[in-house]
Amino acid sequence: SAQLLFNKTKSVEFTFCNETVVIPCFVINVGAQNTNEMYVKWKFKGKYIFIYDGGQDNATMDSNFSSAKIAVSELLKGDASLKMDKRDAKVGNYTCEVTELTREGETVIELKYHVVSWFSPNENILVVIFPILAILLFWGQFGILREYSVKNASGLGFIVISTGVLILLQYNVFMTAFGMTSFTIAILITQVLGYVLAVVGLCLCIMACIPVHGPLLISGLGIIALAELLGLVYMKFVASNQRTIQAPRSN
């Protein structure tokens, strides 16, 4: 055949995490026995950005694609893929032209940039909902304990700074209202564990380019919210009991 055939790839994607971008170009019917019979040219938007002359064993590239290269040792296997640093990669259509003695062919590959989100849309919603839910549940505790709300209201404004502040506020409410019991201690321990999970999950997400530990962070926030719910139920139950058994006032 006078025509070189390609294993065609419509498009490839790269992300912020890629240090090297590879644009594939594979010829499936290479017949050359030596690279000096091969000639490879890459174009971007109609302009040649990389040329390899096998006869001269020489490669030239555009100044805007200074890191562009091919693996010459792979040419006889049909691999003429273009590799470049991420800084040189530009989104758009690239044309790979390969010539082998009297045969030639070309293929077009589109390079796309893919924005990677830390979390999925559902996870993003949970990251926002859980802290807000925890704050609302904590606020509800003040609605039950109105006689203690003045003393602790000053710290309420700092809740948004960190969910960890909720643990200290929860402890103050328990101590002021009813004292520490085995159940309140269990609630506080649960909150601490949830906070540790959230912090660890956040640290792991920051250290990874494409975070994969989002569920750990979300689980921690969910545990904190659950502990606030248990605290609200506990305070409602104890406050109701105290009103029920309170001795009537004497006339």
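Biologist: To which residue does a disulfide join Cys25?
Modeller: In this predicted model, local features need pLDDT of at least 70 and side-chain atom pairs count only at pLDDT 80 or more, whereas totals for chains, interfaces and linings use all residues. Residues are numbered from 1 along each chain as its sequence is written, and side-chain values use heavy atoms, with hydrogens and water left out. A disulfide is here a pair of cysteine sulfur atoms within 2.5 Å; with S to S at 2.0 Å, Cys25 is joined to Cys96.

Biologist: How many residues apart in sequence are the parts that this pair ties together?
Modeller: Helices (H or I, at least four residues) and strands (E, at least two) are DSSP runs, numbered from the N terminus. Cys25 lies in the loop between β2 and β3, while Cys96 belongs to strand β7, so the parts tied together are separated in sequence by 71 residues.

Biologist: Is Cys96 buried or exposed?
Modeller: Relative accessible area decides this: buried means under 20%, exposed over 50%, and partly exposed in between (1.4 Å probe, protein chains only). Cys96 has a relative accessibility of 0%, so Cys96 is buried.

Biologist: Which cysteine does Val98 touch?
Modeller: Contact means heavy atoms within 4.5 Å. Leaving aside residues up to four places away in sequence, Val98 touches Leu4, Phe6, Val27, Met38 and Tyr39, among others. The list also holds a cysteine, Cys25.

Biologist: Which are the edge strands of the open sheet formed by six strands?
Modeller: Two strands pair if DSSP finds at least two bridges between them. The order is β1-β8-β7-β3-β4-β5, with mixed pairing. Each edge strand pairs on one side only, and these strands are β1 and β5.

Biologist: Which residue in β8 stands opposite Tyr94?
Modeller: β7 and β8 are paired in the antiparallel sense over nine bridges. In β8, the residue opposite Tyr94 is Ile109.
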